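Welcome! Take a moment to look over the sequence and the 3D picture, and then we will walk through them together.

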2 protein chains.
Amino acid sequence: MTFRSYMDQALEEAEAAAARGEVPVGAVLVAPDGTVVARAGNRTRELSDPTAHAEVLVIREGCKQMGSERLPGHDLYVTLEPCPMCATAISAARIARLYYGASDPKSGGVGQGPRIFSHAQCHHVPEVYDGIGAEPAEALLKTFFAARR
Amino acid sequence: MTFRSYMDQALEEAEAAAARGEVPVGAVLVAPDGTVVARAGNRTRELSDPTAHAEVLVIREGCKQMGSERLPGHDLYVTLEPCPMCATAISAARIARLYYGASDPKSGGVGQGPRIFSHAQCHHVPEVYDGIGAEPAEALLKTFFAARR
């Protein structure tokens, strides 16, 4: 599968999150052999858990399956720029490559604000590819927040 | 109870974490009425979960009890300066006051490095009090890592 098809699956998860009334962000975790290990959308409201962002959910699921707190060689696809919590979790889990869609000027922590991967306190920096599937990811978020105003 | 006795309970959790072979950091979550809602030490190895830092564990437990993703008016005591993941979770949970012990030049995200609470992307900044019980917290960490070298 290509990276675009993984991002399509992340977008499906974002759409499913919106349908549940959650902020529409989706993530997909891919093993070194290309297998999709886990996919999730945000569930902070459903689980009453402010850490239940899509990225954290797939990392926790992948680690559980591996029986390890690290996921070397794994790739993570997410529809929106990770917040600083998720970026730090991605680093701690030793994710190899991070692909994300839309930038997040409001709460992002990779390309702006705290720029998690750019400090000496970050001990593993993944390769980062942004802008993949950014348009549909952004459209989903805009529709979601417009409906709530 | 005084803030020092809450920090003593966090130190007990850090000691228990060391005894389990986990990085010795402990946290205590306190409700607005002074009740201890949750206490925990790191469990990343035991749970195979890189997000299972002491702070995240007490926030998740407190939110579960409250049935909410936010903990307004709650205080969090932790023996070590939170990493950027935990600092962001503390902000997302709307924790009112953060008390921490030792500074963490290696992985801290509050007083150094990404300085999570100092960016426009951080939408709730807790009051922060540092240096409380810093000496025993630091001694625990030094002994733990010295034994592993």
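## A buried glutamate

B:Glu13 is buried, with a relative accessible area of 14%; buried means under 20% relative accessible area, exposed over 50% and partly exposed in between, using a 1.4 Å probe and protein chains only. Where does B:Glu13 lie? Its place is in helix α1 (residues 3-19) of chain B, where helices (H or I, at least four residues) and strands (E, at least two) are DSSP runs numbered from the N terminus. Leaving aside neighbours within four places in sequence, B:Glu13 is in contact (heavy atoms within 4.5 Å) with B:Val25, B:Gly26, B:Ala27, B:Arg39, B:Ala40 and B:Gly41.

## About the model

This is a predicted model, in which local features need pLDDT of at least 70 and side-chain atom pairs count only at pLDDT 80 or more, while totals for chains, interfaces and linings use all residues. Residues are numbered from 1 along each chain as its sequence is written, chains are lettered from A and ligands numbered from 1 in the order in which they are written, and side-chain values use heavy atoms, leaving out hydrogens and water.

## Helix α1 of chain A

In chain A, helix α1 (residues 3-19) has 17 residues and reaches 25 Å from its first C-alpha to its last. That is close to the 24 Å expected at 1.5 Å a residue, a span found as 1.5 Å times one less than the number of residues.

The buried residues of α1(A) include A:Tyr6, A:Leu11 and A:Glu13. What do the buried residues of α1(A) pack against? Their partners in chain A are β1 (26-30), β2 (36-41), β3 (75-80), β4 (97-102) and α5 (134-147). After α1(A) comes A:Gly21, with a positive phi near 85°.

## Where the chains meet

The contact takes 33 residues from chain A and 33 residues from chain B. In chain A, A:Pro50, A:Glu69 and A:Gln121 lose the most area to chain B, together 26% of what that side buries. Between them, the two chains bury about 2400 Å², 62% of it on carbon and sulfur atoms; buried area is the accessible area (1.4 Å probe) that two parts lose on being put together, summed over both.

How many salt bridges does the rule find across the interface of chain A and chain B? There are 4, a salt bridge being a side-chain nitrogen of Lys or Arg within 4 Å of a carboxyl oxygen of Asp or Glu. B:Arg60 forms a salt bridge with A:Asp49, and their closest N and O atoms are 2.8 Å apart.
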